Amino acid sequence: MQMTMRWFGKAYDSVTLKQIRQTPGVSGVVTTLYGAQPGEVWGKDAFRALKKEVEDSGLSIAGIESVNIHDSIKIGSPDRDKYIDNYIATLELLGEAGIHLICYNFMAIFDWTRSDLAKIRDDGATVMNYEQKRIDAIEPDSMFSVMNAKSNGFALAGWEPERMGRLKELFEMYRGIDEEKLSANLRYFLERIMPVCDKYDINMAVHPDDPAWSVFGLPRIMTGKDKLLRSVKLVDNPHNGITLCTGSLGTNPANDIPDIIHALKGRIHFAHVRNIRYTGPRDFEESAHLSADGSLDMFAIMKALYDTGFKGPIRPDHGRMIWGEAAMPGYGLYDRALGVSYLSGLWEAIEKMSGLR
Ligand code: DNO
């Protein structure tokens, strides 16, 4: 595995490349061309400049998170081919630049959903959390203002204001899109992009739904083992794989993550490893990475990745906000750096106990 951290670019992130470079064990970042809208062809010069900036800091770009999918592709609208052509053009540009991993999601309308971005814990740390009752009380159309109001003034990953300003229209557009249709639209998209992925050896890694159940009645096709297996079989090409996000899949206690890792062996191209703590049947908070602080067995997760020969980039995920840091919710430096150290320690122990190091 390659240990990485997510970096949002100078204009959006409070964390610097230098700080990431100084985090022991981290050799790369996952990033994207922030500001590029879903459906747009990425600018060659802008991407080159981003790559150079990362490489000048002594790090590499281990993958792109995300090249977002235009809603017309998810919905299967008549104009979807135009946007798929644009996606292919972006993949070509990235392939030529030596990028081999793309994280994306096929969630309808909303990327990850939370009811609070800064719940105060007993020790004064703040965490993101999810309470179904509170989500049910929110008008879907106003979800963006609820989230945005609590974002410390930072742009939220996956919550592009341009799209979020059109929520009413988006809900209208997704009317009638059920899981079958969403899956069929994913298949269509994958079939069209796989030749370019084969050409440049680009691994596509779809992100699971977060949380792992339907929110606001929207269809969900990446919630657990069976659906993930189905998605990789939609187009049975090794470049069609998943991002193993433990915090997303883990929201549903019925998801046995080590078992999912074994079932998807060879098709996990990227791993987001973080812990969560269940606070009710459909309620959870994002705890520290440590097994003892949450409900997931992080050792068993890392061991399953190790045992299945996982070689891709891995990154700690949403951290708590601690030590007075002001950063994008979930993406401060301190708790993610603790996550890096903890996950690297688990990995070293697993490797040494397997006699390989
Ligand atoms: C949340 C992230 C997601 C992820 C996208 C992938 O923090 O894990 O926003 O990047 O779903 O497209």
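Predicted model: local features only at pLDDT ≥ 70, side-chain atom pairs only at ≥ 80, totals over all residues.
Which residue in β11 is the bridge partner of Tyr-130?

1. The bridge partner of Tyr-130 is Phe-284, in β11. This strand covers residues 283–285, and its pairing with β6 is antiparallel, with 3 bridges.

2. Strand β6 (residues 126–131) also pairs with β5 (residues 116–120), again in the antiparallel sense and over 3 bridges. Within this pairing, Asn-129 of β6 stands opposite Asp-116. The two strands, β5 and β6, form a hairpin, and 5 residues lie between them. In the turn, Gly-124 has a positive phi of about 90°.

3. Of the 6 residues of β6, 5 are buried, so the strand is largely enclosed by the rest of the structure.

4. The ligand is surrounded by 14 residues, the closest being Ser-66, Asn-105, Asp-111, Gly-158 and His-207. Strand β4 (residues 101–105) supplies the largest share of this shell, with 3 residues.

5. The protein chain contains 14 helices and 12 strands. Its C-alpha atoms fill a box of roughly 50 × 45 × 40 Å along the principal axes.

6. Buried residues account for 45% of the 357 residues in the protein chain. Among contacts between residues at least 6 apart in sequence, 73% join residues at least 24 apart.

Methods
Residues numbered from 1 in each chain as written. Near = placed C-beta within 6 Å. Helix = DSSP H or I, 4+ residues; strand = E, 2+ residues; numbered from the N terminus. Buried ≥ 20, exposed ≤ 12 C-beta atoms within 10 Å, placed from the backbone. Pairing = 2+ DSSP bridges. Contact = placed C-beta atoms within 7 Å.
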